[in-house]
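Thanks for asking me to look this one over. Here are my notes, point by point; keep the structure open while you read.

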Amino acid sequence: MAADVQDDLAPTRPAIWNDPRYRAVFYQVLVLAAVLLAGAYIVNNTLENMERRGIASGFGFLTKTAGFSIDLHLIEYKEENSYGRAFLVALINTLLVSAIGIVITTVLGFVIGVARLSNNWLIAKLAAVYIELLRNIPLLLQIFFWYFAVLRILPSPRESHNAFDAIFLNIRGLFTPKPVFEPGFSAVFIAMVVALVGVIFMVRWAHKRQEETGQQFPKFRTSFAILIGLPLVAAMLAGFPLSWEYPVLKGFNYQGGLRMIPEFVALVLALSTYTASFIAEIVRAGILAVSQGQSEAASALGLSRGHTLRLVVIPQALRVIIPPLTSQYLNLTKNSSLAAAIAYPDLVLVFAGTALMQTGQAVEIIAITMAVYLTISLVISALMNWYNTRMALVER
Amino acid sequence: MTDAAHTYQPGQHPDLPPPSNAVGILAWLYKNLLSSWLNATLTISAAYLLFLSIPPLFQWLFFDADWVGETREVCSREGACWVYIIFWFKQLMYGRYPDAELWRINSAYVLLVLAAIPLFIPGFRWKQWIGVFLFFGYPIIAFYLFVGGSFGLTHVESPLWGGLFLTLVIALVGIVTSLPIGIILALGRRSSMPIIRALCIGFIELWRGVPLITVLFMASVMFPLFMPEGVNFDKLVRALIAVTLFSSAYMAEVVRGGLQAIPKGQYEGAQALGISYWKMMALIVLPQALKLVIPGIVNTFIGLFKDTTLVLIIGLFDFLGMAQLVGTNPDWVGFRIEGYVFVGAVFWIFCFSMSRYSQHLEKKLHTGH
Amino acid sequence: MKLLSAIAAGAALTLAGFAANAGTLEDVKAKGHVQCGVSQGLPGFSNPDSAGNWTGIDVDVCRAVAAAVFGDAEKVKYTPLSAKERFTALQSGEIDVLSRNTTWTLTRDSALGLDFVGVNYYDGQGFMVRKDLGIKSAKELGGASVCVNIGTTTELNMADFFRANNLSYSPVVYEKADEVVAAYDAGRCDVYTTDRSGLAAQRLKLKDPNAHMVLPETISKEPLGPVVRHGDNKWGDVVRWSLYAMLQAEEMGLTSKNVDSIRSSTTDPAVKRLLGTEGDLGKSIGLPNDWSFNIIKHVGNYAESYNRHVGPDTPIGLARGVNALWTDGGLQYAMPLR
């Protein structure tokens with residue numbers, strides 16, 4: 001048997017079906033083939049079904065006349081425009097509600113997150129109640145609540161709530177004066193740009209000076225002065241080229257001015273208050289993640305409270321806060337698709353709704369809609385990854 | 001006063017009680033509510049806000065509310081009309097499920113609760129078997145109870161399903177089906193085989209990148225085109241497929257988190273013992289990883305549970321959908337708020353208790369390794 | 001084994017309705033009921049009561065088909081559909097016939113893969129406004145906000161109307177018909193637009209129906225009728241002639257009350273043909289010969305159905321108007337049943 005033992009120890013090639021490398025290739029080919037087959041089956045069925053039922057296909061519909069109107073459009077849009085244009089209008093509406101929602105939810109979320117950690121018992125408890133209440137109730141229900149229950153009891157246009165004869169609130173929406181830029185306004189605008197560039201250079205210079213000499217420069221006050229002062233001077237020189245267009249009750253409704261439709265208000269309110277409850281928890285976790293020792297060390301070094309916060313606590317907390325915060329922004333953007341339930345003309349309602357019905361091209365339209373959201377998600381994820389690698393702790 | 005007479009050795013003096021301004025209600029008030037001017041202002045304004053909002057809220061919810069009656073005429077008072085909820089209670093709970101068959105839903109509920117109770121008893125020995133039953137046996141029993149059509153039960157079509165019952169069905173089916181799929185996807189995403197990894201990443205990122213509503217739309221208008229002629233799925237089944245696809249992608253990410261947290265030594269130890277990949281995963285890695293991510297799974301379930309409300313957009317009458325529907329009934333116009341408050345309260349109780357439970361688990365499982 | 005096979009059968013039954021590639025008529029006969037796509041609740045057309053029983057003139061079309069095929073008008077199952085879902089449901093075979101106040105248009109008849117088989121209600125689009133606005137004509141609606149249901153011809157007709165008259169408007173578009181009514185009732189819009197019959201029916205859902213009026217203009221033609229899948233002519237024939245049988249019965253004065261006695265006493269060959277005591281009309285469309293007798297007996301003629309659900313004596317209160325028989329100066333005209 002000794003010879004056998006010798007044989008066993010010699011490096012043998014395993015049989016091909018036992019070699020992990022070949023196995024891996026085999027499994028992968030198998031899975032890929034299965035996926036491709038399933039895909040081909042679905043595509044084949046779809047094409048066959050569409051062919052048999054005489055359903056139109058292709059993306060040619062995008063250049064055809066849409067024929068329907070959209071209540072809220074930030075870019076020029078008329079019924080005779082194409083489906084492609086309608087798609088663009090709807091996409092911009094989606095981005096608009098997301099962007100405004102993100103700004104409001106960030107502010108609200110940070111305030112509530114900080115309040116949650118307040119020394120003040122009452123404030124901390126109120127913040128906790130807010131968080132637990134809102135995040136445990138479905139968003140769609142909250143949207144319905146704002147839209148069908150709260151905003152529906154507003155008065156008709158003729159009995160609007162009225163502030164200073166300039167801002168009106170009724171069931172058709174919130175009407176505010178709209179700034180009208182007169183010809184001379186470009187000077188003010190240029191002044192703003194110049195001021196902004198100036199501030200950037202000033203801050204860089206101040207940093208460099210501090211690195212070299214240790215002297216500090218009142219950056220904040222100076223930038224404030226530049227940012228406000230320069231455009232103000234320009235405006236004065238141009239004779240204040242800005243006027244306001246007030247909404248007036250004409251015919252059925254208020255005309256002119258800026259108008260926020262109730263669907264928009266309800267959606268922004270619900271999205272931002274709901275998401276804020278998650279952001280508040282993220283902010284709280286972020287602040288708690290910065291150890292007490294950091295602030296103690298900072299004050300031992302003689303940093304003021306403000307400096308400790310600005311230079312020590314916040315930068316470290318942000319590193320913890322930003323990744324989950326971005327995914328909340330992403331959630332908010334995706335959740336804005338619930339607009340379809342309350343008639344806010346977003347991508348899902350206009351494009352995957354009206355346009356889908358009028359053309360009957362479900363496959364193309366749903367594919368485009370999903371691709372848009374997927375693109376937004378991937379872009380934001382890519383940005384977040386880039387930011388994470390930049391901000392990651394450099395281990396030394 | 002007698003203390004003054006005593007003299008103590010240095011270091012032997014007994015502890016004195018804290019000064020009176022550091023204990024008691026007053027000190028607590030001072031420390032927690034009025035420690036600075038800013039704090040005092042905040043406290044007072046918050047208290048004022050509460051004073052303004054809480055009493056009318058309670059008035060509306062309870063004291064001025066109408067509780068008994070049969071018609072909307074009894075709802076003449078200022079407060080909430082709970083008669084509305086009581087009147088529509090059956091629809092809100094069960095949809096249009098036939099009255100004579102409601103016992104089937106109720107007995108499934110009872111069975112679920114009875115089976116789940118032992119899970120919460122610490123030290124109960126057959127927890128695994130209960131878990132296996134809940135995941136594999138219970139869904140089959142529930143399926144035959146709800147659908148019927150065999151074992152002498154009449155067939156109840158899915159369009160008749162609705163209300164809280166439908167919400168629970170969608171959420172539970174979603175979680176039960178998405179967990180195994182999510183585990184497979186998570187393993188695939190961590191696989192060393194590039195094609196499998198790419199496919200899994202693609203699948204996960206696709207569903208995580210799009211809103212659920214577009215997935216539901218896809219299910220309701222595109223699925224029928226994917227199937228050969230003559231094969232068509234029930235609307236509810238299509239919605240369930242959509243929910244499963246969507247939540248398995250999220251579940252995969254949760255499980256992946258658990259897999260990543262398992263120390264490399266566990267894998268290496270298993271491999272050194274010559275254990276095959278699947279046995280290693282099933283017997284060594286997954287039991288540890290899944291234990292770690294139970295809170296994550298519960299959180300995913302909470303998210304899924306809240307998201308089931310979206311099915312009303314594709315025309316299924318879940319809990320919220322039923323509230324919307326009865327809210328447009330011409331005989332009962334004007335009580336939508338009551339409907340929303342009721343639905344919101346039920347959702348809140350479910351989600352809040354689950355999130356508390358998940359936090360509790362997190363603490364309990366945080367045993368450290 | 002019995003248990004296992006029961007489980008397997010149950011799973012197959014519920015997971016997928018495997019309708020073989022045979023025609024819809026054979027499928028319907030095999031499964032024993034007609035699956036009928038209806039609205040989610042439009043009084044007079046298709047509306048469920050609190051017990052879940054559906055009634056309305058659209059529902060009667062489905063009941064007529066069931067009566068023709070099975071001799072029993074109750075062998076119908078209903079699938080409530082939103083305007084948006086209805087065509088997919090039909091295309092995919094989820095339903096056998098769509099009878100859901102659906103307008104017959106060229107695009108739908110062609111590009112969507114559908115076949116309209118007839119018209120059971122001739123309608124036109126109208127506008128409803130509050131009386132206190134003091135508006136007398138649709139031409140005064142410039143600048144108004146209009147509540148409308150998504151995915152309907154109304155949405156496009158409205159756009160055409162405002163465009164043609166050079167008026168501006170803001171559409172507020174809802175997924176569910178009920179939401180449209182509720183939004184209009186709450187004052188979100190100045191105008192509610194849909195088919196005139198729909199206006200009359202939905203008006204019942206308003207808080208104060210008398211505070212609203214329908215403007216005189218009819219801005220479109222809306223022939224509403226049952227729809228079947230394109231290419232299944234045999235099934236299309238069944239639905240088409242079931243509808244015509246109801247019209248023909250009215251023309252001949254046959255009602256659910258008198259059809260029994262007339263059947264035994266009549267000598268009129270046309271009536272005999274219709275009631276199946278003479279000739280083979282039923283066989284030619286693959287049905288028993290007493291198919292139209294069953295329709296008349298169990299559902300009634302067109303006038304009975306109309307008066308029962310939308311006629312002047314119902315809360316909806318629609319006069320026959322253009323929906324009167326051609327012999328009374330209306331448009332309803334059954335092709336000859338011979």
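1. Start with two helices in chain C: α9(C) passes α13(C) in a right-handed crossing. Bear in mind throughout that this is a predicted model. Helix α9 covers residues 233–252 of chain C and helix α13 covers residues 291–298 of chain C. Their axes come within 10 Å and cross at roughly 65 degrees. Angles of 65 to 115 degrees count as roughly perpendicular, and therefore α9(C) and α13(C) are described as roughly perpendicular to each other.

2. Which residues of α9(C) and α13(C) meet? From α9(C) you have C:Ser242, C:Ala245, C:Met246 and C:Ala249, and across from them in α13(C) sit C:Ser292, C:Ile295 and C:Ile296. Sorted by class, the residues of this contact of α9(C) with α13(C) are 5 nonpolar and 2 polar, with no charged ones.

3. Now for the sheet in chain C. It is an open sheet of 5 strands, in the order β11-β10-β12-β9-β13, and the pairing is mixed. At the edges you'll find β11 and β13 (212–214) of chain C, each pairing on one side only. On average, neighbouring strands of the sheet are turned by 30 degrees against each other, ignoring direction.

4. Zoom in on one pair of strands. In general, strands of a sheet pair through backbone hydrogen bonds, either parallel or antiparallel. Which way do β9 and β12 of chain C run, parallel or antiparallel? They run antiparallel, with 5 bridges joining β9 (residues 125–130) to β12 (residues 191–195). One bridge to look up: C:Phe127 has C:Thr193 in β12(C) as its partner.

5. A helix goes with this sheet too. α6(C) lies across β9, β10, β11 and β12 of chain C, and runs at about 155 degrees to β10(C).

6. Some of these elements turn up again where chains C and A touch. Here 31 residues of chain C are in contact with 28 residues of chain A. On the chain C side, α4 (86–91), β10 (144–149), α6 (153–164) and β11 (169–174) each supply at least two residues. β11(C) gives the most, with 6 residues. By class, this side of chain C has 13 nonpolar, 12 polar and 6 charged residues.

7. Last, chains A and B: 46 residues of chain A are in contact with 42 residues of chain B. Among the elements of chain A giving two or more residues are α2 (20–53), α10 (305–335) and α12 (362–391). The most come from α2(A), with 12 residues. The side of chain A that touches chain B divides into 32 nonpolar, 11 polar and 3 charged residues.

Terms used:
Residues are numbered from 1 along each chain as its sequence is written. Chains are lettered from A and ligands numbered from 1 in the order in which they are written. This is a predicted model: local features need pLDDT of at least 70, side-chain atom pairs count only at pLDDT 80 or more; totals for chains, interfaces and linings use all residues. Two residues are in contact if their C-beta atoms, placed from the backbone, lie within 7 Å. Helices (H or I, at least four residues) and strands (E, at least two) are DSSP runs, numbered from the N terminus. Ala, Val, Leu, Ile, Met, Phe, Trp, Tyr, Cys and Pro count as nonpolar, Asp, Glu, Lys and Arg as charged, and the others, Gly among them, as polar. Two strands pair if DSSP finds at least two bridges between them. Axes are lines fitted to C-alpha atoms, for helices over the stretch in contact, and angles run from 0 to 180 degrees between N-to-C directions. Angles under 35 degrees count as roughly parallel, over 145 as roughly antiparallel, 65 to 115 as roughly perpendicular and the rest as oblique. A crossing is left-handed if the near helix is turned anticlockwise from the far one by less than a right angle, and right-handed if clockwise.
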